[in-house]
Amino acid sequence: ALQRGGVFQTVSFSSSVRLSDEVYGLKPAAVKLEGEGFALLPTVSLRHRDGQGASNPWLQEIPDPVTSFVWGSWADLNPVTAKKMGIAHGDMIRIKSPQGEAELPAFLHYGVHEDAIAIPIGQGHTHSGRNADGYGVNVLSLLPSATDRASGEFAYLTTRVQVGVSFTHLTLPTSREV
């Protein structure tokens, strides 16, 4: 394999799998978000995934590739929205939902819709060990205990949240410095 530059083989595909004609008639329904404010988007953490890696200190030390955050959580917010609200990059913001509230720094970048706020999943543990407990925010605590009717899985996109400034100007890298 080393002399040939790798292991190569031809892969054959079966054409016996076919989609049901019903699939072509399906139309996704619009998401119904409860409350007023911004759509809360819990996102998957590249380091911790769903929280499994939060008790690993090496994973806590690896900077997020976009924000450079370590050992904590942040909220992604569109700069256009932030400017309208008087929120600067690095300001601590308070996010309130009917289920609870959280306080975390704002990271401004254009990768988030102007009417949404994104928070990575995987932090905010309380009984997971010394390397996970007390670091970051558990974004799932801001969501209702609801399941998606179609899949039976936890419903992540269900809630709108209120956002306000707690205090201003932590020193954070900008998205251009990352």
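**View A. Arg-94 and Glu-101 join in a salt bridge, with 2.9 Å between their closest N and O atoms.** Here a salt bridge is a side-chain nitrogen of Lys or Arg within 4 Å of a carboxyl oxygen of Asp or Glu. The model is predicted: local features need pLDDT of at least 70 and side-chain atom pairs count only at pLDDT 80 or more, while totals for chains, interfaces and linings use all residues. Residues are numbered from 1 along each chain as its sequence is written, and side-chain values use heavy atoms, with hydrogens and water left out. Arg-94 also meets Glu-103 in a salt bridge, at 3.0 Å from N to O. The structure holds two salt bridges. How exposed is Arg-94? Arg-94 has a relative accessible area of 32%, so it is partly exposed; buried means under 20%, exposed over 50% and partly exposed in between, with a 1.4 Å probe and protein chains only. Glu-101 is partly exposed at 49%, and Glu-103 is partly exposed at 34%. Side chains of opposite charge can pair when their charged atoms come close.

**View B. Strands E3 and E4 pair in the antiparallel sense over six bridges.** Strand E3 covers residues 92-97 and strand E4 covers residues 100-108; strands (E, at least two residues) are DSSP runs numbered from the N terminus, and two strands pair if DSSP finds at least two bridges between them. With two residues between them, E3 and E4 form a hairpin. Look for Ser-97, whose bridge partner in E4 is Gly-100. E4 also pairs with strand E2 (residues 75-77), this time in the parallel sense and over three bridges. Leu-77 stands opposite Leu-108 in E4.

**View C. Phe-69, Trp-74 and Phe-107 form one aromatic cluster.** For Phe, Tyr and Trp (its six-membered ring), rings pair if their centres lie within 6.5 Å; planes under 30 degrees apart count as stacked, over 60 as edge-to-face and the rest as tilted. The count comes to three aromatic pairs. Why is the pair of Phe-69 and Trp-74 stacked? The two ring centres are 5.0 Å apart with the planes at 20 degrees, so Phe-69 and Trp-74 count as stacked. Phe-69 and Trp-74 are both buried.

**View D. Phe-154 and Tyr-156 make an edge-to-face aromatic pair.** Their rings sit 5.0 Å apart, centre to centre, with 70 degrees between the planes. Phe-154 is partly exposed at 29% relative accessibility. Tyr-156 is partly exposed too, with a relative accessible area of 39%.

**View E. The largest pocket holds about 550 Å³ of space.** On a 1 Å grid over the protein atoms alone, a pocket is an open set of points where a 1.4 Å probe fits, with protein on both sides within 12 Å along at least five of seven lines, and lining residues have an atom within 4 Å of a point. Grid points are joined across faces, edges and corners, and the volume is the space filled by probe spheres set on the points. The lining has 16 residues, with Thr-147, Asp-148, Arg-149, Ala-155 and Thr-158 nearest the centre of the pocket. That lining divides into 10 nonpolar, two polar and four charged residues; Ala, Val, Leu, Ile, Met, Phe, Trp, Tyr, Cys and Pro count as nonpolar, Asp, Glu, Lys and Arg as charged, and the others, Gly among them, as polar.

**View F. The second largest pocket has a volume of about 250 Å³.**

**View G. Asp-133 lies in the loop between E5 and strand E6 (160-167).** At 27% relative accessibility, Asp-133 is partly exposed. Asp-133 and Ser-55 are 78 residues apart along the chain, and 8.0 Å separates their C-alpha atoms.

Note on methods:
Helix = DSSP H or I, 4+ residues; strand = E, 2+ residues; numbered from the N terminus.
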